[in-house]
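Keep the sequence and the view side by side.

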Amino acid sequence: MSIIETITDVDNTFLSRRELTCNFAGLGGKLKSLEAADMVTKEFKLDGKVVIPMRLKTHVGQSHVTGTFYVYEDEGLAKKHVNPTIFSRIEKTKTKLAEAQAAEAPAEDASEEAPAEVKAEDAAPEEVKAEEKSE
């Protein structure tokens, strides 16, 4: 059983877009809009198309999320039809993710070097103890 359950899948020819409404089972309060868009892209094989998460709605007392997505063939057409605020929020979220990943990479490098330094510090007190005993 898939996590994603399709509620509606409408091809809106007037606006040249596909409108998907899906339920995400068991992801209440854990799902982010970009993650949901990635999941929809993989589930419906929408590579090369613009998937815009319009709305994620959690349900009180239930653990599923209902998401509405617009799928466009052309990004220029999407920017004409969809509110620019949505695109600015998506870009803002993408930059935050990129910064977080960039911050993680140096932190991982530092964590690999830190155990070597700790080992050197651990060895130093043992040498001091050995010197105290020999005196």
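Which residue just after α1 takes a positive phi? Lys45 does, at about 55°. Before going further, note that this is a predicted model, where local features need pLDDT of at least 70, side-chain atom pairs count only at pLDDT 80 or more, and totals for chains, interfaces and linings use all residues. Residues are numbered from 1 along each chain as its sequence is written, and side-chain values use heavy atoms, with hydrogens and water left out.

Start with the sheet. Helices (H or I, at least four residues) and strands (E, at least two) are DSSP runs, numbered from the N terminus. Two strands pair if DSSP finds at least two bridges between them. Four strands make an open sheet, ordered β1-β2-β4-β3, with antiparallel pairing. At the edges sit β1 (4-12) and β3, each pairing on one side only. Direction ignored, neighbouring strands are turned by 15° against each other on average; the axes are lines fitted to C-alpha atoms, for helices over the stretch in contact, and angles run from 0 to 180 degrees between N-to-C directions.

Now cross the sheet. β1 and β2 are joined by eight bridges, and Asp11 stands opposite Arg18 in β2. Strand β2 (residues 17-24) is joined to β4 by eight bridges. Here Phe24 faces Val65 in β4. Eight bridges also link strand β3 (residues 50-58) to β4, with Val51 opposite Val71. The hairpin of β3 and β4 has six residues between the strands, and Gly61 takes a positive phi near 80° there.

How enclosed is β4 (residues 65-72)? Seven of its eight residues are buried (under 20% relative accessible area; exposed is over 50%, partly exposed in between; 1.4 Å probe, protein chains only). The strand is therefore largely enclosed by the rest of the structure.

Next, the helix. In α1 (residues 33-43), Leu34, Ala36, Ala37, Val40 and Thr41 are buried. Seen down the axis, the buried residues fall within an arc of 160° (taken from the directions from the helix axis to the C-beta atoms), so they line one face of α1. α1 lies across β1, β2, β3 and β4, at about 120° to β3.

Finally, the interior. A nonpolar core is a set of buried Ala, Val, Leu, Ile, Met, Phe, Trp, Tyr and Cys residues joined through side-chain atoms within 4.5 Å. The largest has 15 residues; Leu20, Phe24, Val40, Leu46, Val51 and Phe69 have the most contacts inside it. β2, α1 and β4 each supply at least two of its residues. A second, separate core of ten residues includes Val50, Tyr70, Val82 and Ile86.

Notes: Contact means heavy atoms within 4.5 Å.
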